[in-house]
Amino acid sequence: VINDVIDNTHWEPVSFKISDDLFDALMEENMIKAVHGLLTETARDEQFTEVIHTLIKMKRRGVLVVSTKTCNFIMSQLIKEDLEDIVEQVYRVLRRDGMIPNLYTYGLLLYVICKKGCLKEAWNVIEEMKEAGVEPDDLTYRMYIYALCCNGKTDLAFQLVKKLNKPLLNVYPYYYIIQVMVLQSKLQEAEDMFLEMKIREV
C-alpha cells in the first residue's frame, strides 16, 4: 500500500508527505516494518527531505526504529543522487542514536570519504570498524588503497599492501599503484613494483 501511494509514475505527479498522524499511528501500533517501508519507498522516490524530516521526528521520540538495512538503503540512494555530504550526516546521527553498522554500512561511508580525498578520516573509519568488531574485507582495503593512489600517496599504498600481506588483495592494489606511478613518470618505481609482485607470487 505504501509503495502504491508513493510511487506515482502512473498517476498525476503528487508531493507525498509523511504526515504526523500517519507516523504517530504507525509508532503507536509498533509497526516498525511499516516505518521501514515508509522510509525505504520515500528514499527510492528521491524525497530525501521527507526521509530526513522523519528521522528527526524519530530522534525526538528518543527511540531508534531504523534498522541497519533501512539505513544502508537510504545511504545508497543518497550516494546514487550525489548527495555524499548528507550520507555522512545521516550515518553520524543514526550511529549516535544506536544504529549498529555492518560491513556494507561502513563500505558506503568509506566510499563517500575516500571520494572526497579525506585519507586520515577514511583510515579512522577502518579503525572504527575494527573496534566495533567488524573485520574490514579486501574490498574495504582496496577502496582505501585506491584513494591513496589517486591522491599521489603510492608509497603509503605500497607500505599498506606489504603490511596487510593478504593474498586475496590480489593484483588490484598493485594495478592502482603502478598506474599512478606511470602517470607520474616514475617508470623505475613501476618496474620495481612488477618485481615485487613476482617475489610475492602475485
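Select Val171, which is found in the loop between helix H10 (154-164) and helix H11 (172-183); helices here are DSSP runs (H or I, at least four residues), numbered from the N terminus, as strands (E, at least two) are. This is a predicted model, in which local features need pLDDT of at least 70 and side-chain atom pairs count only at pLDDT 80 or more, while totals for chains, interfaces and linings use all residues. Residues are numbered from 1 along each chain as its sequence is written, and side-chain values use heavy atoms, with hydrogens and water left out.

Val171 counts as partly exposed because its relative accessibility is 35%; buried means under 20% relative accessible area, exposed over 50%, and partly exposed in between (1.4 Å probe, protein chains only).

**The nonpolar core**

Next, select Leu39, Leu55 and Ile177. Of the 56 residues in the largest nonpolar core, these three touch the most other members. A nonpolar core is a set of buried Ala, Val, Leu, Ile, Met, Phe, Trp, Tyr and Cys residues joined through side-chain atoms within 4.5 Å. Helix H7 (residues 103-115) gives the most to this core, with seven residues. In soluble globular proteins, nonpolar side chains tend to be buried together.

Centre the view on Ile177. Leaving out residues up to four places away in sequence, Ile177 touches Cys149, Thr154, Ala157, Phe158, Val161 and Met193; contact means heavy atoms within 4.5 Å. From that list, select Thr154, whose place is in helix H10. Thr154 counts as buried because its relative accessibility is 2%. Its contacts, again not counting residues up to four places away in sequence, are Leu148, Ile177, Val180, Met181 and Lys186.

**Helix H7 and its surroundings**

Which residues of H7 are buried? They are Thr105, Tyr106, Gly107, Leu108, Leu109, Leu110, Val112, Ile113 and Cys114. These buried residues pack against H5, helix H6 (84-96), helix H8 (119-131) and helix H9 (138-150).

Move to Ile79, which is placed in helix H5 (residues 68-80). Ile79 counts as buried because its relative accessibility is 14%. Ile79 and Leu108 are 29 residues apart in sequence and 8.2 Å apart in space, C-alpha to C-alpha. Beyond four places away in sequence, Ile79 touches Glu84, Val87, Leu108, Tyr111 and Val112.

Remain in helix H5 and select Thr70. Thr70 is buried, with a relative accessible area of 4%. Although Thr70 and His36 are 34 residues apart along the chain, their C-alpha atoms are separated by 6.2 Å. Thr70 touches His36, Leu39 and Thr40, not counting residues up to four places away in sequence.

**Salt bridges**

A salt bridge is a side-chain nitrogen of Lys or Arg within 4 Å of a carboxyl oxygen of Asp or Glu. By this rule the count comes to five.

Select Glu88 and Lys116, whose side chains meet in a salt bridge (2.6 Å, N to O). The pair links distant parts of the chain, with Glu88 in helix H6 and Lys116 in the loop between H7 and H8, 28 residues apart. Glu88 counts as buried at 11% relative accessibility, whereas Lys116 counts as partly exposed at 41%.

Then select Glu128 and Arg95, which form a salt bridge with the closest N and O atoms 3.6 Å apart. Glu128 lies in helix H8 and Arg95 in helix H6, so the pair ties together parts that are 33 residues apart in sequence.

Finally, select Glu127 and Lys130, a salt bridge with the closest N and O atoms 3.9 Å apart. Both residues lie in helix H8, three residues apart, about one turn of the helix.
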